[in-house]
Amino acid sequence: MHDKSELYNSDLYIPNVTIIAGHQVLIEEATLKFTRGRRYGLIGRNGTGKTTLINAICRKELEKMPQNLHILQVEQEVPGDDMNILDHVLACDTERLALLKEQDELVATDTEKLEELEKMEHENRLEEVIERLGLIDAAEAPSKAAIILNGLGFSEEQLVWPSKQFSGGWRMRISIAKVVFCEPEVLMLDEPTNHLDLVALIWLEQYVMSLDVTVVIVSHAKDFLNNVVDEIIELSNKKLEYYRGNFDTYERVKGEQIKNRIKRREYQLEEIAHNQKFVDQFRANAKRATLVQSRMKVIHKIREDMEEEIFQEPSYVFKFPVPPRLNRPLLRITDGTLGYDKDVPIIKGVNIDIDMDTRIAFVGPNGAGKSTLIKSFTGKIDILDGHRSINGKLSIGLFDQHHFESLNPRLSALETFRKKYPEIRAEPLMRHLGSFGISDKLALKPMQLLSGGQKSRVAFALITYEEP
């Protein structure tokens with residue numbers, strides 16, 4: 001990670017990229033190009049192959065992909081083990097670890113027992129190791145790793161905690177810290193904002209913008225893309241389209257392109273109709289045969305240059321059913337103390353009253369107790385002190401950060417619904433799934449073959465079917 005190859009200072013250009021997953025062609029004869037130091041936002045509808053493309057680039061599976069280019073991707077989350085999180089990050093620098101180990105061994109060697117020549121070689125090697133450690137700023141590495149971890153929300157005392165002590169969301173942050181620490185030539189971030197609170201998100205934005213490396217980000221977070229990227233890559237219709245600027249610029253330019261293409265196509269169709277009318281009218285007229293032939297050539301030429309029909313991506317409207325009005329209070333907590341241990345409460349003095357018109361956003365750093373608050377509302381955990389009342393007719397729909405875990409990966413979306421509602425016919429279930437963009441073949445695919453966004457749609461479809 002220290003001695004950057006010549007590729008570090010060069011751009012990446014790979015034509016004719018084709019990616020097939022299973023029996024499905026996701027990308028066909030597309031051009032992949034990265035300009036060194038530029039930050040890209042990779043966007044596209046759920047299931048188009050964004051993550052598959054990222055994985056193929058990271059594994060260097062693409063033909064003509066430079067094999068000595070240093071590419072790193074944020075893994076889903078680091079494993080939970082006994083290694084502390086600071087060491088997890090420092091372990092990424094394998095050269096530093098090897099040099100420190102060798103330095104310790106050289107220092108521990110009893111040179112009095114060595115021959116004169118061996119002694120000289122030993123001293124020379126120790127000098128080389130110390131010099132190399134200085135060149136790679138080995139002494140600064142713990143400080144650099146700590147700054148990155150602090151920026152992602154870890155306190156100083158947490159740096160020595162074992163990774164197994166942290167939840168999945170926090171272990172995802174450790175993964176981000178490891179990749180950022182390594183400073184690869186190409187940094188891949190697949191949905192990096194999913195488990196970050198506002199403070200960590202702002203830090204990540206600033207850090208990514210300070211890096212002098214190529215960054216590719218897959219994200220649905222519009223504000224994050226607007227603040228960070230220089231260029232948008234859209235994966236659509238099995239091709240990669242490039243748009244200079246952030247997400248707002250992409251939307252404006254894309255909209256203008258579509259508008260112009262629609263106008264051009266309409267004009268071409270009008271021209272064809274106008275000329276065809278002349279041909280139909282005078283086809284049998286021998287005196288006008290030359291003109292008819294000329295008009296037919298015009299029609300043929302227009303059709304050759306014809307703008308392809310514009311298929312605009314369908315938009316889906318999530319429909320949350322409106323339940324019957326319930327009397328107040330729907331849900332109330334008075335002087336509540338919340339948590340899992342009465343001796344170590346997480347939140348005290350909770351007073352909240354929720355009715356049919358309530359709209360609330362709970363914000364706060366990770367670990368502040370937002371999930372505990374939600375679990376206390378829904379009755380998943382008892383409150384430690386105070387009073388909680390829940391309307392007997394209240395139906396609660398909960399979409400949380402672990403919604404994937406409730407979906408059987410071997411079952412399709414339709415099978416998931418049929419298992420939960422065996423008495424309901426397939427047709428209305430398919431219609432309901434379709435309203436969330438899970439239609440036809442998608443509804444029949446095993447859940448493990450769906451993208452993260454598609455699984456989220458299935459989870460939303462399940463929640464709304466309960467009419468909460």
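Modeller: Welcome! This is a predicted model, where local features need pLDDT of at least 70, side-chain atom pairs count only at pLDDT 80 or more, and totals for chains, interfaces and linings use all residues. Residues are numbered from 1 along each chain as its sequence is written, and side-chain values use heavy atoms, with hydrogens and water left out.

Colleague: Why are α9 and α10 called roughly antiparallel?

Modeller: Angles run from 0 to 180 degrees between N-to-C directions, with axes fitted to C-alpha atoms over the stretch in contact. Under 35 degrees counts as roughly parallel, over 145 as roughly antiparallel, 65 to 115 as roughly perpendicular, and the rest as oblique. The axes of α9 (residues 247–282) and α10 (residues 289–304) cross at roughly 155° and come within 9 Å. The two helices are therefore roughly antiparallel.

Colleague: Which residues make the contact between α9 and α10?

Modeller: Contact means heavy atoms within 4.5 Å. Among the residues involved are I272, F278 and F282 of α9, and L291, M296 and I302 of α10.

Colleague: What makes R125 and E102 a salt bridge?

Modeller: The rule asks for a side-chain nitrogen of Lys or Arg within 4 Å of a carboxyl oxygen of Asp or Glu. For R125 and E102 the N to O distance is 2.7 Å, so the pair qualifies. R125 lies in α4 (residues 116–135) and E102 in α3 (residues 94–108), so parts 23 residues apart in sequence are tied together. By this rule the count comes to 23 salt bridges.

Colleague: How do you know that R125 is partly exposed?

Modeller: Buried means under 20% relative accessible area, exposed over 50%, and partly exposed in between, using a 1.4 Å probe and protein chains only. R125 has 29%, so it is partly exposed.

Colleague: And is K64 buried or exposed?

Modeller: K64 has 64% relative accessibility, so it counts as exposed. K64 sits in the loop between α1 and β4.

Colleague: Which salt bridges does K222 form with D248 and E251?

Modeller: The closest N and O atoms are 3.7 Å apart for K222 and D248, and 3.3 Å apart for E251 and K222. E251 lies in α9 and K222 in α8, so this pair ties together parts that are 29 residues apart in sequence.

Terms used:
Helix = DSSP H or I, 4+ residues; strand = E, 2+ residues; numbered from the N terminus.
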